[in-house]
Amino acid sequence: MMSEQIHPRGRLMTVLTLARFEARQHLRSHRMFALASLLFLFIVGGSYGLSDPDGRLTPGIATDTPYEVLFLVSLFVLLSATLGVVLLGFDAISRRRLTKELAIELSQPISRSDLALAHLLGLWTAAFLPTMAATLVGVTMVHSQMDAWPTLAELAYFLGATALVLLWYSSIQLLASSLARDLGSAVTLGVGSWMLFTFVWLLVTAVLASIIGVDMTDLENQRFDRFSEIIDLFSPNGVYQLLLEDRLTGDATPHLESRFIWLAAALWTLIPALLFTVRFRSIRP
Amino acid sequence: MAESAAEPLLELEGITYRYPVRDGMRFWKRKKGAGVHQVNLSLEAGDIVGLIGPNGGGKTTLLHTIAGLWKPDSGSFRVLGRDAQEAGRRWVQRHIGFMPEQVVWTGSSTPRLVLERLITMRGGDDDAIKMLRLVGLRSRADSPLDSLSQGMEQRMTLATALLGEPTILLLDEPMNGLDPVAQAAFRGLLRQLADRGCAIIVSSHNLNEMERVVDRVAIMNRGQLVASGPMADVERRLALEQRLLLAGSGPKPDLSLLTSEGVIIEEQETRSVEEDWRYRLIRRAGRWEPGDRGLLTAAVESAGGVVQLIHPLPAALEDLLGAVTGQDPEKVGLELEGDELVPMRTLEVDDDE
């Protein structure tokens, strides 16, 4: 079908306005209370605990600088903020489909791609804003314990990488939600994809390593490190960790070259979002 | 509202859409399932057409197709004289207001926010509050959606369909959940919109409800438009006007003479305290003539009774479908599982017939 031409700036403004509505709806939801508690407990609590000068961590894990603490806090981000995206987004499309709200949306004179983008940006904003707030509070906790601030560049880098991982999860969740036809499959797909990357990925790495014949019993084995980094490129959590590791110094830096990590980040940004958009364009209410 | 009164606002020509369904265990394969087949329909400014049919008849599928939720497999439709394919989905949707069936509004958002979001999607400058006032939800503008009753949800959905002053309105089972007062107000609103030049399709499986608001009916069954035209004409053409209701008080009349004339006499439960008996009289052939009522009244009075009611019975949906498809009325609409379409059988009734 021939489509009506709308000025790109007008389209962008419409998408941003719709994303704001979407984010507002998520931020006002009851689930946000649960998410906010979770984020503050994990991120703020983690920042406080990990920056404690009297704290003893496993040998080899350094927490000498605020950025190193933030790097460790990223584990809590992966546990809580990505779960937050699941909480907010697992039924973002499927619920609308069940309630028939989606039929109303799809009957409006707006490009479906724009609508998909608005859904994505709205979910991402709703997940990122409280995560950013918790991170900033966490940074003040780090300062209170270590009497040092991360540099502005370090903080921006950390928040940027966190924003990216939340965007990837937002795309994955919306894609899963658009595929689900009922609440059960929405939960299964949403939580299942989160569990795959958060808990099961280690198992995937181990199985693949044993198939290829990489020794994983020796923790100092550089070959396994490299192998696991390559496998991590196929997981959003892995790429997030590699991005953050890339700014660490000494032995903690990844074996992979930065360009590969950034290429993976770019692909994780594009591919799930593109898949969701394609799916949304052909969705039937 | 209407850009041109001379030509139809909406013209469907051979619209066909069949849902893709999984082919058994071969989940990667899709085959054509149920849907709508070769639908032709035309609406002019001010028309209110009742799209009626049993569950699974294809009413919703047809409305979804017109609303641009998917492309038809074949056929074409024109909106305000423009070919929908050429005009583009967004142009078509700008002129169409669609109210899906039984939308459930949930969440902590509010009617005002929902409408403002949809107004943004339409790129219009409607006033959400004005629209909520129109459907009687002004006082609930900032209430959580979760707090709306079923009737309020229907009004809310209607408000979404009226955004942007659409020229064509598609309403899927709009009366569901509305109380009688709201139904009357809704009918008044539909008439107002039609008087302003809007063309409206209202789908329902309730024929009586439709009769009070529509100018024409279009009957769908098994994905096909099986009859269309003014309601009275359709009933006449299908010879459904032979039903008469006779109720009265006192001794029961002797109607055995009617049986020999081929009239089926069905005794029914009384509906009021004034009634002692109630019959449904169905002529198998021919029609009730005006003089027949006098004869029936005389038969009742000669038995010592008094006639309380004597009037033609409106045809029920199953009667219409039975007459159109030739199936037993009691069995029409039960078979919903098959994906195959029944052989085409359409009855067109012209206004001047």
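Predicted model: local features only at pLDDT ≥ 70, side-chain atom pairs only at ≥ 80, totals over all residues.

Colleague: How many residues of strand S9 of chain B are buried?

Modeller: A residue counts as buried when its relative accessible area is under 20%. In strand S9 (residues 216-221) of chain B, 6 of the 6 residues are buried, so the strand is largely enclosed by the rest of the structure.

Colleague: Which residues lie on each face of S9(B)?

Modeller: Arg216(B), Ala218(B) and Met220(B) are on one side, while Val217(B), Ile219(B) and Asn221(B) are on the other. Both faces are therefore covered, because every one of these residues is under the 20% limit for burial.

Colleague: Which strands pair with S9(B), and are they parallel or antiparallel to it?

Modeller: Pairing is read from the bridges between strands. Strand S3 (residues 48-52) of chain B runs parallel to S9(B) and is joined to it by 4 bridges; there, Ile52(B) stands opposite Ile219(B). Strand S10 (residues 224-229) of chain B runs antiparallel to S9(B), with 5 bridges, and Met220(B) faces Leu225(B) across that pairing. The hairpin of S9(B) and S10(B) has 2 residues between the strands, and Arg222(B) adopts a positive phi near 50° in it.

Colleague: What is the area buried between chain A and chain B?

Modeller: An interface may be described by its area, its contacts and its composition. The buried area is about 3400 Å², and carbon and sulfur atoms give 57% of it. In terms of contacts, 33 residues of chain A meet 39 residues of chain B. There are 10 residue pairs in polar contact between the chains, both residues being at pLDDT 80 or more. By class, the side of chain A that touches chain B comprises 13 nonpolar, 9 polar and 11 charged residues.

Colleague: How many salt bridges does the rule find across this interface?

Modeller: The rule finds 2. Glu22(A) forms a salt bridge with Arg117(B), with the closest N and O atoms 3.2 Å apart.

Colleague: Where is Asp146(B) found, and which residues does it touch?

Modeller: For a loop residue, one notes its flanking elements and then its contacts. Asp146(B) lies in the loop between helix H5 (128-134) and helix H6 (150-162) of chain B. Leaving aside residues up to four places away in sequence, Asp146(B) touches Trp105(B), Thr106(B), Gly107(B) and Ser108(B). Its side chain reaches the backbone nitrogen of Gly107(B) at 2.8 Å.

Terms used: Residues numbered from 1 in each chain as written. Chains lettered and ligands numbered in written order. Heavy atoms only, no water. Contact = heavy atoms within 4.5 Å. Polar contact = N/O pair within 3.5 Å; in protein donor to acceptor, adjacent residues only side chain to side chain. Buried area = accessible area lost by both parts, 1.4 Å probe. Salt bridge = Lys/Arg side-chain N within 4 Å of Asp/Glu carboxyl O. Nonpolar A, V, L, I, M, F, W, Y, C, P; charged D, E, K, R; others polar. Buried < 20%, exposed > 50% of the residue type's maximum accessible area, 1.4 Å probe, protein only. Pairing = 2+ DSSP bridges.
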